[in-house]
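Subject: Structure handover

Hello,

Here is the structure we talked about. Please look it over before you read my notes below.

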Amino acid sequence: MSSSSSSISSKRNFEFQPENPCYCGLPSRVRTSRTKDNPGKKFRLCPNSMNEGPKCKFWEWLEPETPENEVNSGKDKKEPCNLTLKVSILENEISICKMKMEQENLVVRQEFEKLKWKLFTHKVVMIVLFLLFVFKK
């Protein structure tokens, strides 16, 4: 699936690979797993596997592509990440953080309003006491 590949891209979640046929001799279809156990991992299958009628049982995982200049550090190879899933998770966490901030902001504003009211009442009391003191004389 390099850039020089003759695969035909589709707007759907797959592409055809004429150079890698299935058992039927048809171009295999490359899809991306959306499962929890294998998010983002690519696999190849027969285009007839989803059709009604006779089905070809061709199916295989694809090895993740690594750039030629990437050096193998000896670490275990990890499955490719499903970036869409990770972005969705991060967007969800951001939404949760925003909600918490809005709730905290509401509490702070309510406390601020209480303090403003308390300050106002203290000012009124001070003015009344001052007027009583001035007119009492």
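Helices (H or I, at least four residues) and strands (E, at least two) are DSSP runs, numbered from the N terminus. The model is predicted: local features need pLDDT of at least 70, side-chain atom pairs count only at pLDDT 80 or more, and totals for chains, interfaces and linings use all residues. Residues are numbered from 1 along each chain as its sequence is written, and side-chain values use heavy atoms, with hydrogens and water left out.

Helix α1 covers residues 83-136, and Phe 120 sits in it. Phe 120 is partly exposed, at 46% relative accessible area. The classes are: buried, under 20% relative accessible area; exposed, over 50%; partly exposed, in between (1.4 Å probe, protein chains only).

**Salt bridges**

Side chains of opposite charge can pair when their charged atoms come close. The rule for a salt bridge is a side-chain nitrogen of Lys or Arg within 4 Å of a carboxyl oxygen of Asp or Glu. How many salt bridges does this rule give? The count is three.

- Glu 60 with Arg 44: 2.2 Å, N to O. Glu 60 is in strand β5 (residues 59-61) and Arg 44 in strand β4 (residues 42-45), so the pair ties together parts 16 residues apart in sequence. Glu 60 is partly exposed at 29% relative accessibility, whereas Arg 44 is buried at 12%.
- Glu 111 with Lys 114: 3.6 Å, N to O. Both are in helix α1, three residues apart, about one turn of the helix. Glu 111 is partly exposed at 42% relative accessibility; Lys 114 is exposed at 54%.
- Lys 116 with Glu 113: the closest N and O atoms are 3.4 Å apart. Lys 116 and Glu 113 are separated by about one helical turn because they are three residues apart in helix α1. Lys 116 is partly exposed at 41% relative accessible area, and Glu 113 is partly exposed at 45%.

Best wishes
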